[in-house]
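Subject: Structure for you to look at

Hi,

Here is the structure I promised. Please open it alongside this note. My findings follow below.

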Amino acid sequence: MKRGLFITFEGIDGAGKSTHVAWSAEFLRGHGIALTLTREPGGTVLGERLREILLATEGPIHAETEALLMFAARRQHLEEVIGPALVRGEWVLCDRFTDASFAYQGGGRGVEKKKLAALETWVHPHLQPDLTVLFDVSAQVGQGRVARIKSPDRFERENAAFFVRVRAAYLERMKESPDRFVCLDGTRPIADIQDELGKKLTMVLSNWKA
Ligand code: ADP
Ligand code: TYD
């Protein structure tokens, strides 16, 4: 059985990830691909409980505690969901993964990069996404979209400077692994973005089948 592909979707809050992850899943299913659609933090019973803590806790959470909880959820997710699905030959589409920890806990909160790199090596020494789709929008655009949400979570309530740092950290992370990333301008009309995304997925699909 051929191993499936691991595709992650990233971007600041409001960049359009959820919209495009759902669309990509439909697109790939339409091309006969068996896939698992999942998200971080979350994807397992334990991970969803950690998500609740991470997104809804009112009291303080130290930046490093936040990073450790993200990676704890990830460890379980890899064990229960991501790893087994890939082995079954399914593709895994994941709404956020480790790049989000570098962007939010690293860029946003200021956790040292070398500590995050140590966690990355600990939690998934031999696995990286085959493709990471980064939806890029400015902090201003992201916040403008998120402002419509009635009850924003702990991250969505952060200020513009936070999202400027998160976006910069994503772009830096992309520079470090340019072959793994495709960066799409998230401010273009949704149909145009999906056009481009469809072309990229078709290319990945034909390489995988070859
Ligand atoms: P994310 O998951 O990255 O936070 P969403 O996919 O939930 O973002 O999108 C946030 C909001 O912005 C939604 O209301 C969505 O319809 C809208 N949106 C997403 N992409 C675009 C786009 N390219 N142009 C205009 N609005 C968009
Ligand atoms: P997300 O699923 O994008 O939220 P929503 O359902 O509102 O679209 O992600 C939840 C939040 O978790 C998001 O603000 C980013 C944050 N996050 C981190 O800070 N670090 C991480 O490693 C991950 C995976 C997510």
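First, a definition: Ala, Val, Leu, Ile, Met, Phe, Trp, Tyr, Cys and Pro count as nonpolar, Asp, Glu, Lys and Arg as charged, and the others, including Gly, as polar. Note too that this is a predicted model.

Start with the shell around ligand 2. By those classes, its residues divide into eight charged, six nonpolar and three polar. In total, 17 residues surround the ligand. The closest are K17, R96, S101, Q105 and E156.

Now the polar contacts. K17 places a polar side-chain atom 3.0 Å from an oxygen atom of ligand 2. For R74, a polar side-chain atom lies 3.1 Å from an oxygen atom of the ligand. An N or O atom in the side chain of Q105 is 2.8 Å from a nitrogen atom of ligand 2. Taken alone, ligand 2 exposes 560 Å², and the protein buries 89% of that.

Which elements give two or more residues to this shell? They are α1 (17–30), α2 (45–56), α3 (63–87) and α4 (98–108). α4 gives the most, with four residues.

Next, the pocket. Ligand 2 takes up the space of the largest pocket. The volume of that pocket is about 530 Å³. Its lining has 27 residues, and D13, K17, R51, R96 and E156 lie nearest the centre. α1, α2, α3, α4 and α6 (139–146) each give two or more residues to the lining. The largest share is four residues, from α4. The lining divides into eleven charged, ten nonpolar and six polar residues.

Best wishes

Technical notes: Residues numbered from 1 in each chain as written. Chains lettered and ligands numbered in written order. Predicted model: local features only at pLDDT ≥ 70, side-chain atom pairs only at ≥ 80, totals over all residues. Heavy atoms only, no water. Near = heavy atom within 4 Å. Polar contact = N/O pair within 3.5 Å; in protein donor to acceptor, adjacent residues only side chain to side chain. Areas by Shrake-Rupley, 256 points an atom, 1.4 Å probe, with all protein chains shown as cover. 1 Å grid on protein atoms, 1.4 Å probe; cavity = no way out; pocket = protein on both sides within 12 Å on 5 of 7 lines; lining within 4 Å. Sits in = over half its atoms within 2 Å of the grid points. Points joined across faces, edges and corners; volume = space filled by probe spheres on them.
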